[in-house]
Amino acid sequence: MLTLNQLIRHGRKEKRCTDRTRASDQCPQKQGVRPRVPTRTPKKPNSVPRKIGKVRLSNQHNECKLVF
């Protein structure tokens with residue numbers, strides 16, 4: 001919690017909202033390569049190892065996607 005003096009000096013900053021499709025440049029079909037496909041286990045109540053694909057898109061963004 002900020003004090004009154006801190007609010008007077010600095011003020012409140014606006015929250016930056018991020019775009020969920022920033023990596024795909026608003027295009028759902030994007031070419032990419034998978035450098036590796038590791039398996040990871042999710043958090044506690046679910047315990048099955050899931051395959052996660054690390055994908056490097058053609059616009060040089062990296063994403064982690066679930067492989068079915």
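Good morning. I begin with the salt bridge, meaning a side-chain nitrogen of Lys or Arg within 4 Å of a carboxyl oxygen of Asp or Glu. The structure contains one salt bridge. Please keep in mind that this is a predicted model, in which local features need pLDDT of at least 70 and side-chain atom pairs count only at pLDDT 80 or more, while totals for chains, interfaces and linings use all residues. Residues are numbered from 1 along each chain as its sequence is written, and side-chain values use heavy atoms, with hydrogens and water left out.

Which residues form the salt bridge? The partners are Glu-63 and Lys-65, and their closest N and O atoms lie 3.6 Å apart. Glu-63 is partly exposed at 22% relative accessibility, and Lys-65 is partly exposed at 44%. Here buried means under 20% relative accessible area, exposed means over 50%, and partly exposed lies in between, using a 1.4 Å probe and protein chains only.

I turn now to the largest pocket. On a 1 Å grid over the protein atoms alone, a pocket is an open set of points where a 1.4 Å probe fits, with protein on both sides within 12 Å along at least five of seven lines; lining residues have an atom within 4 Å of a point. The largest pocket holds about 150 Å³ of space, a volume being the space filled by probe spheres set on the points, which are joined across faces, edges and corners. Both Glu-63 and Lys-65 are among its lining residues, as are Arg-20, Thr-21 and Cys-27. Strand S3 (50–57) and strand S4 (62–66) each give two or more residues to this lining. Strands are DSSP runs of E with at least two residues, helices are runs of H or I with at least four, and both are numbered from the N terminus.

Next, the cysteines. How many disulfides does the structure hold? There are zero, a disulfide being a pair of cysteine sulfur atoms within 2.5 Å. Cys-27 is partly exposed at 28%, and Cys-64 is partly exposed at 45%.

Lys-44 lies in the loop between strand S2 (39–40) and S3. Lys-44 is exposed, with a relative accessible area of 78%. From Thr-21, Lys-44 is 23 residues away in sequence and 28 Å away in space, C-alpha to C-alpha.

Finally, confidence. The chain averages a pLDDT of 85, and 100% of the residues score at least 70; pLDDT is the predictor's confidence in each residue, from 0 to 100. Confidence is highest in helix H1 (residues 4–10), at 94, and lowest in S4, at a mean of 83.
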